Amino acid sequence: MAESEKPAPGREPGQPVQKQKPRPWVWDRHGDELYRKSWARFAEWVAWLESAYAPWVLLPPCWPAHTGLAAELKLFWYWHRWTQTGQASPADAVRWHSELRHAASAWRELATCSHEPPVRHRQAIARDRRRRTEDFVDRAMRREFEAEAGED
Ligand SMILES: [Zn+2]
């Protein structure tokens, strides 16, 4: 399979890509202007979140550069918007708060990030880790671990 034909992570091979309308929080296909506007509104909400939920929510200034964190914040944003609709119950809103507190304690680990560019040896370590993971994935594809588990 050519590199360009590989499905995106989480997407099954052969699953139609173009036919399904992306969920509102998926911005991959936004044009530049809509993408910028979406980010502006999102950043505004995150600023509100930080002030409304201080000191629980404490984010580093570089939060937009942490793609995983930004993705999670974006989902909290859409979830928060949904809790304000007529479809949501007070229990849904309580669940949002509960999950927010839980996530915010994990986000604190990044709160002091100085966002230094990775130094050369850290990039080499990251490359080595990726290579090792790929090796383990290859072995999993060959069912090696199932065979090991069955040996006991
Ligand atoms: Zn950072």
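**Exercise 1. The α2–α3 pair**

In which crossing, left-handed or right-handed, does α2 pass α3? Describe how the two helices of this predicted model are placed.

Solution. 
- Step 1. Two packed helices are described by the angle between their axes and the distance between the axes.
- Step 2. The axes of α2 and α3 (residues 90-107) come within 10 Å, and they cross at roughly 165°.
- Step 3. Angles over 145 degrees count as roughly antiparallel, and α2 and α3 are therefore roughly antiparallel to each other.
- Step 4. The crossing in which α2 passes α3 is left-handed.
- Step 5. On the α2 side, the residues that meet α3 include Leu-69, Phe-76 and Thr-83. On the α3 side, Trp-96, Leu-100 and Trp-107 are among those that meet α2.
- Step 6. An α-helix has 3.6 residues a turn, so residues three or four places apart point the same way.

**Exercise 2. Helix α1**

Check the span of helix α1, then look at how well α1 is covered.

Solution. 
- Step 1. Helix α1 runs over residues 32-52, which is 21 residues.
- Step 2. The expected span is 1.5 Å times one less than the number of residues. For α1 this should be 30 Å, and the end C-alpha atoms are 30 Å apart, so the two values agree.
- Step 3. The count of buried residues in α1 is zero, and the helix is hardly covered.
- Step 4. Take Phe-42, which lies in α1. Phe-42 has 18 C-beta neighbours inside 10 Å and therefore counts as partly exposed.
- Step 5. Leaving out residues up to four places away in sequence, Phe-42 touches Lys-74 and Trp-77. Phe-42 and Lys-74 are 32 residues apart in sequence, yet their C-alpha atoms are 7.0 Å apart.

**Exercise 3. Backbone exceptions in the loops**

What is the peptide bond from Ala-54 to Pro-55, cis or trans?

Solution. 
- Step 1. Most residues other than glycine have a negative phi, and most peptide bonds are trans.
- Step 2. The bond from Ala-54 to Pro-55 is cis, with omega near 0°. Pro-55 sits in the loop between α1 and α2.
- Step 3. His-115 is not a glycine, but its phi is positive, about 50°. This residue is in the loop between α3 and α4. His-115 has 11 C-beta neighbours inside 10 Å, so it counts as exposed.
- Step 4. Arg-143 also has a positive phi, near 60°. Its place is in the loop between α4 and α5. With 10 C-beta neighbours inside 10 Å, Arg-143 counts as exposed.

**Exercise 4. The whole chain**

Summarise the secondary structure, the burial and the confidence of the protein chain.

Solution. 
- Step 1. The chain has five helices and zero strands.
- Step 2. Of its 152 residues, 2% are buried.
- Step 3. The average pLDDT is 86, and 86% of the residues score at least 70. Over residues 1-5 the pLDDT is below 50, and beyond near neighbours in sequence this stretch has one contact in the model.
- Step 4. Where pLDDT is low, the predicted coordinates should not be read in detail.

Definitions and conventions
Residues numbered from 1 in each chain as written. Predicted model: local features only at pLDDT ≥ 70, side-chain atom pairs only at ≥ 80, totals over all residues. Helix = DSSP H or I, 4+ residues; strand = E, 2+ residues; numbered from the N terminus. Buried ≥ 20, exposed ≤ 12 C-beta atoms within 10 Å, placed from the backbone. pLDDT = per-residue confidence, 0-100. Contact = placed C-beta atoms within 7 Å. Axes fitted to C-alpha atoms, helices over the stretch in contact; angles between N-to-C directions. Parallel < 35°, antiparallel > 145°, perpendicular 65-115°, else oblique. Left-handed = near helix turned anticlockwise from the far one by under 90°.
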